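The structure is shown first.

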Amino acid sequence: MDVPVDEQTALTTDYPVGKLAATVERLRREVRAAQAEADGRALIELAKGILVERLGCGPAQAARQLAELAEQAKVTPLELAVDVINQSARDRLSDVAGAFLAGAKGDEGTAADRRERERSAAVRLREAESGALAAPDTQAVADSLFHHALTPLGAVAVAIWTAGTDGSLTLAGSAGFSPAEAGRWRYVPPGVVTVARTSLSERTGQWIGSLAETGLPSIGQHHFPDGGRAALPAGTGGRVHGVLEVVWPTPLEPQSPQVIRQVEALAELCAHTLETYAFVHGGDTVSGPRVLPDAAELVDLADGLHDPALVLVPYLDDGHLVDFHIHHVNSRFLDPAGRPRGLVNGALLLEAYPMAAGESELFQRVERVYATGEPFRAQRMNLTALVDQVALASVADISISRHGNSILLIWRVEDETARLASLLQHAQRLGRIGGFEENLLTGEITWNGQLFSLYGRSPSSGPVPLEELALHAHPDDGVAIGRFLRTLLHHRRPAAAAFRLQRPDEVTRHIRVVAEPVLDADGRPFVLRGAYQDISAQHWTEVALAATRDQLAHSEQQAAERNRLTLQLQHAIMPPTQAPLRAPRLDVAVRYRPAETEQLVGGDWYDAVVLPSGLVLLCVGDVAGHGIEAATSMVVLRNALRGLAVTGAGPGQLLTWLNSVAHHLTGSITATAVCGIYDPAGRTLRWARAGHLPPVLVRDAEAVSLPLLKGLLLGAVPDVTYAEDEVQLAAGDTLLMYTDGLIERRDRTMEESMTQLLTTVRTAPCTLDQQLDRLLTYSRSDTDDDTCIVGIRVS
């Protein structure tokens, strides 16, 4: 159950602590009432003074006049006093009050209600102004603004920040925050991005619907995390003294222009207060630093600098900063356009340098430094001066700083001639180039330091004339030097020559000299100008490249001959096709597809032959590696298997013997193979494998891979036993043996490739030859390897 206020007071006053709290609260109300009364009394007295001046009457008569007018208008004397002040002042506050009146015309309610709201806003603003002007410090200013003007707008807290020249913020006054919260935010270092700092750096008002949405820290963020914020720069005459930050407890809806103008007027009031307080107390409102020098002291400082400097003072129009007066230029200042200092001194910055507001943004930099106090420095800024409608470009190092109410602009224009000379000197050093000039009339010769270094001579030993150039060169280069001098002196044309310079330190350098004659009025040369360049590194690089090209051409020729012989050998033994094999009730076909790249000639091989016993030997194999070694090893294994097969041994024994051949007799090569012995009488196939893919059996539109028998690849170890298997074939069956060049791909596993092969061979064309051709045509291998296929079809 709610307890009435009177009963609460009665309950709390029954206890000593409650009585003390009630007393404190009563005294606080009385103080606020006294402050409001004092503010209202000050406004009434100000209105009396205006009436005294306007009516030419005494104070008593002005008081009676004010009371009579208030009674006739049915308003309080305070409201009438504010009307009189607004009509007389015509300042920012009176403009805001007028805006409220204009904006209220479409509001709901009677005309009297709208007038009352307008009067209430005007009274609040004037009371806030009166309280701020009478405040002893910025804390009292914050209290006055909060209670008189911001609380009626729904705000719950306010903070007044002063801006330091280093970009820092200091809490000068606050209201609505706890002492602990204000203490934590007493100082914000430079570089910390807060709501107030954003308003200061951008010099625009920040109206934030919810602080949580921005992610920016600020005072009171834990107490009002979802509240709205408004931060406005507090500045006058183009100079920002601080920031006014207002806090609402809940998300802030978009405000009307009247409310925005009211808060902007309060920010301007804060700026005047901060400026006045800093001037009276000799510094900022809280920290109280030293008094900054005025323009006269800054002129003395500029004259004592060794750098070109200008002293700028703000030029205001109707209270707004529009330009800067060039108050003084020191004796070291050089105008980029070459004008006398007297034409620059006393002019406006944008009049003297209209391009400063353009691409260089010099004026914007000066304006920002004046507003925030943060110094600005830049190296090699491009500047343009406009003289007689001609743009003159220059490069300068800029330093801008604020001192009191003035700006010190240090403007070091770079000497373009010196810069180009420095660049030329570095270019000559990096390019190992030395220049010279020889006067043919006086005999005077001028060398630069780089040329003495190229010759390996000290400057005290003197330069070498062109006529003596052959004495310092290799004897074999005399003809080239003579041709160079004849072209230069006799034909009077520019000339160039390359020679070997023999230096005093016995080091030989390859030099290129270029020169041109300077002719007089009669067409005779009187000066020779030119340069020497050390091209030793280039010469030896060209020699090395020539030798490399010769060696590469020889290697390419050898490789081409080697590949040609390898291909001839391979095609002689392994023709792509061969004549049909004659065997009873059996069709045999073979295919061989060499690698597409000649450099990848491999060791794939196949064989299909009828043995003396009437059995048929079927086999395919793949020797590891490429080139002539793989091809010759393939010939050895193929011929060895043919010879061993006439013994009548089974395929397992044949592979065991072939493994010994690979391991002991051919330089330890390795290879894979599958070997089969087919008996036409019984239609049986005995087969064995040595690390090779098993054969594929196609029967009745079904294709399967034969079991993966045990068998190590050939040549890996000396003694290996190979397992055998026997397959009973039937009429119409097709058996395929192949090498991995038919199915192997880089982007899929061998199991996936095998599945694709079985799918392809299920559809059998009419003849065995057509089926093998189809396999080669639709092969999806991408390894550019050799491919061998042996196929049999039982009839």
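## The second largest pocket

In this predicted model, the second largest pocket holds about 680 Å³ of space. Its lining has 21 residues, and the closest to the pocket centre are Gly235, Thr236, Gly237, Glu268 and His320.

Strand S5 (229-236), strand S6 (239-247), helix H11 (257-281), strand S8 (320-329) and helix H15 (362-372) each give two or more residues to this lining. H11 gives the most, with five residues. By type, the lining residues of this pocket are six nonpolar, seven polar and eight charged.

## An open sheet

Five strands, in the order S17-S26-S25-S22-S23, make up an open sheet with antiparallel pairing. Strand S17 (586-593) and strand S23 (702-705) are the edge strands, as each pairs on one side only. From one strand to the next, the twist averages 15°.

Strand S22 (residues 696-699) and S23 run antiparallel and are joined by four bridges. Arginine 699 stands opposite glutamate 702 in S23.

## Helices on the sheet

H22 packs on the sheet and touches S22, S23 and strand S25 (734-738); the direction of H22 makes about 150° with that of S23. H23 also packs on the sheet, where it touches S17, S22, S25 and strand S26 (787-794). The direction of H23 makes about 25° with that of S17.

## Where the two helices meet

The axes of helix H22 (residues 750-761) and helix H23 (residues 768-777) come within 11 Å and cross at roughly 140°. This crossing is right-handed. Leu757, Thr760 and Val761 of H22 make the contact with Gln771, Arg774 and Leu775 of H23. Three of these contact residues are nonpolar, two polar and one charged.

Methods
Residues numbered from 1 in each chain as written. Predicted model: local features only at pLDDT ≥ 70, side-chain atom pairs only at ≥ 80, totals over all residues. Heavy atoms only, no water. 1 Å grid on protein atoms, 1.4 Å probe; cavity = no way out; pocket = protein on both sides within 12 Å on 5 of 7 lines; lining within 4 Å. Points joined across faces, edges and corners; volume = space filled by probe spheres on them. Nonpolar A, V, L, I, M, F, W, Y, C, P; charged D, E, K, R; others polar. Axes fitted to C-alpha atoms, helices over the stretch in contact; angles between N-to-C directions. Left-handed = near helix turned anticlockwise from the far one by under 90°. Contact = heavy atoms within 4.5 Å. Pairing = 2+ DSSP bridges.
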